[in-house]
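User: I have a structure open and would like to go through it piece by piece. Can we start with some charged pairs?

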Amino acid sequence: MTWTLPTRSGRYAVALAPRGAGLVAVGWGPDGGDGPAPVAATSSFEADLDLLPLEATALGTRNVHGAELVVRRADGLRGARLVLSGEVVLGRDDDGATHLVCPLADEVLGLGVRLHLRTHPAHDVVEKWAELHNTSEQPIELLRAWGGAFTIPAVAGAAVNLLGGAWSREFTPFEATLGAGTLSIGSRQGITSHTYAPVVTVVPAGTDAGVRYGVALAWSGSWRMTLDAVPFADHVRVAAGPDDESGVLTLAPGERLTTPALAGVRVEGDADDLAHAWHTYQATLARTRGPEHRPVVYNSWFATTFDVRVEHQLELAAAAGEVGAEVFVVDDGWFRGRTSDRAALGDWEVDLYRNPDGLGPLAAGVRALGMRFGLWVEPEAVSPDSDLYRAHPEWAHQVAGRPLETLRNQYVLNLGRPEVEEWVLGTLRRLLGDGDITYLKWDMNRSIADGGQSVLGGDDWSWRHTQAYYRILDALRAEFPRVTVEACAGGGGRIDHAVLARTDVVWPSDETGPRDRLAIQHGFLGVLPAWTMSSWVTDLPDLLDRDRDGAPASLEFRFVVAMAGVLGIGADLLAWDAATRDRASSLVALYRSVRSVVHTGRVRRHGSPADGACAVQYTGADSVVVLAWRRPGAADLTVHLRDLDPDARYRLRGDDVGTRAFTGKELGTEGFAVGWAYRDCDVVILDRV
């Protein structure tokens, strides 16, 4: 029996494994491979279930090679032998998705597993997850609880592309060659982390059609992803889920748990074709891609740091409105006692000493200027020097008997405690309740180094914290639909599909130096969409690239970098002269004229920021936008545009309306020479005529 799940341009097919041991993948791609399950060679040292491409398996069902589920019952019984325990059901969800559910169980252990596979005609991604149910009378420890795996054909090994980094240098591309062995990446920090993004690309060696596979995990706590290349097995198996080193989940009798979803996609093409497949899927996660939740932001942090005074903020707001900002966000320092990063996190009330009338006059002034009003918060954090910590020291993540560790002079609240979750949600409801605030920047500026113990028993601290984080975000979206939520964790420390599904924009990095930021955005756009990528214009220099070129980037260069995603401004506008603000105003207007194409068009990267010149192309139905940058002394750049209708004609937007139109074929074969209207950058707009 074979079950086929259609995607946008292909099919994913599975069949029943031998002896009813779950499902085995039999095809993925344009033809779907509707044949029977393949027969694997066996020996007395490897059973067929160890070699077959099972959709998800357990230690005990599969014993030689890695498994996604590793369990131990309280009486010491270890492992699960899963077999089919009911009918495999293939149906349709209300949104048109094809959804397969396969029930499995180990009656001896007392564990039920419902494996889910889901596809949708809007995209080519296959989603997998599992529901686990303890049907025994004893607790069951989930030493590893991952919801599925993707088996990728790789006869001659594979190249693995991943995104790594650190604070201020997130989303840096790395490549590893995997012939045999296991490659493992992840986080033990309670967040996805700056070290690795939870997504990989696998490119099988020796393939003719340029086939590549992407796999991504939707989980925002500690996590682990493994890529296993078994010698002579002709495949790479990719699996992922909550970290299995720093925590253990425990199912009490009768309790259920749903694993995070693992998403996989197959494309025939290059890295940007894979990026487009991801972006198409991510569009289904977003509530909107329109400007209503992607406004031009002005954030006052770099202009004021902790010195937040209403009169000064109103001066900045007037300048922000002048240059075209659509929302004015007050960052850290607005709440009582917050004069440095050493105190007051957790005391989320307006500092009436510095602002006796509160923030009401500021919010009213911002609205009078035609902008929305927003606030920065860090609701998971608490300062040792705060009224909240003095009242509730037990609310911080901690292990009894160990001294707490401060990072950035703060602790992390344990959202896994129900009373803490309730307090955080209540605090945010109070802040948003009067309607003044319609933009919320949710930050988190340290990892959870003191995790390791749950107040409810067990060491599932990361799981409980992350699930509470989701519940709070879900409640805010339901109760305050007008509020735009920006996710931040000291930059790109918590970005994954689960965050994209619950927030509107994300902050990829605290690094705003324009050439460094361009490199970060290059990696980001390879797996994540432009409409989520918050990017600011500031006056800060590059941290890493400051000495390469000598000459600082122009104002226009900085703006065009930020135009590649969701444009924001973080500079001290009162330090800019009138001419600079006029230039900024025209650049904001230019961005707003192309925003819809940047946020919804197909992304194609031309070259790399490490080159002398590079560009990013956004192709919409009626227009093409090309953002280009070059280093001092770099040669001219000719961009060979792709994804165009070869027979359609495209005309350059601008003053020279009489210039000839180019066909899509000409723009692809002969290319388009960038004119460098701003010396070190350019914005090229081609309209279909």
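Analyst: This is a predicted model. In it, Arg464 forms a salt bridge with Asp460, and the closest N and O atoms are 3.0 Å apart.

User: Is Asp460 buried or exposed?

Analyst: Asp460 is buried, because its relative accessible area is 8% and the cut-off for buried is under 20%. Arg464 has a relative accessible area of 25%, so Arg464 is partly exposed.

User: How many salt bridges does the structure hold?

Analyst: There are 48 salt bridges in the structure. One of them joins Arg114 and Glu131, with the closest N and O atoms 3.3 Å apart.

User: Which strands do Arg114 and Glu131 lie in?

Analyst: Arg114 is in strand E8 (residues 111-119) and Glu131 is in strand E9 (residues 125-134), so the pair ties together parts that are 17 residues apart in sequence. Arg114 counts as partly exposed at 39% relative accessibility. Glu131 also counts as partly exposed, at 27%.

User: What about Asp436, what does its side chain meet?

Analyst: The side chain of Asp436 meets that of Arg367 in a salt bridge, 2.9 Å from N to O. Asp436 sits in the loop between helix H7 (418-432) and strand E27 (437-442), while Arg367 belongs to helix H5 (residues 360-368), so this pair ties together parts 69 residues apart in sequence. Asp436 is partly exposed with a relative accessible area of 22%, and Arg367 is partly exposed with 42%.

User: Which residues are linked in a network of salt bridges?

Analyst: Asp270, Asp273, Arg602, Arg604, Arg642 and Asp643 are linked that way.

User: OK, switching to the inside. Which residues touch the most other members of the largest nonpolar core?

Analyst: That core has 173 residues, and the ones touching the most other members are Phe328, Trp334, Phe559, Tyr618 and Trp629.

User: Take Phe559. What is Phe559 in contact with, leaving aside neighbours within four places in sequence?

Analyst: Phe559 is in contact with Val537, Leu567, Ile569, Trp576, Ala584, Leu587 and Val588.

User: Where is the place of Leu543?

Analyst: Leu543 is in the loop between strand E30 (534-537) and helix H11 (555-563). Its relative accessibility is 41%, so Leu543 counts as partly exposed.

User: Now the whole chain. How many helices and strands does the chain have?

Analyst: The chain has 13 helices and 39 strands. Its radius of gyration is 26 Å, close to the 26 Å that the globule rule gives for 689 residues, so the chain is as compact as a globular protein of that length. The C-alpha atoms fill a box of roughly 80 × 70 × 45 Å along the principal axes.

User: What percentage of the residues count as buried?

Analyst: Of the 689 residues, 61% count as buried. The chain exposes about 25600 Å², and carbon and sulfur atoms supply 52% of that area.

User: Last one. What share of the contacts with a separation of 6 or more comes from residues 24 or more positions apart?

Analyst: Those residues account for 67% of such contacts in the chain.

Technical notes: Residues are numbered from 1 along each chain as its sequence is written. Side-chain values use heavy atoms; hydrogens and water are left out. Helices (H or I, at least four residues) and strands (E, at least two) are DSSP runs, numbered from the N terminus. Buried means under 20% relative accessible area, exposed over 50%, partly exposed in between (1.4 Å probe, protein chains only). A nonpolar core is a set of buried Ala, Val, Leu, Ile, Met, Phe, Trp, Tyr and Cys residues joined through side-chain atoms within 4.5 Å. Contact means heavy atoms within 4.5 Å. The radius of gyration is taken over C-alpha atoms; the globule rule is 2.2 Å times the number of residues to the power 0.38. Accessible areas come from the Shrake-Rupley method with a 1.4 Å probe; for residues, only the protein chains shown count as cover. A salt bridge is a side-chain nitrogen of Lys or Arg within 4 Å of a carboxyl oxygen of Asp or Glu.
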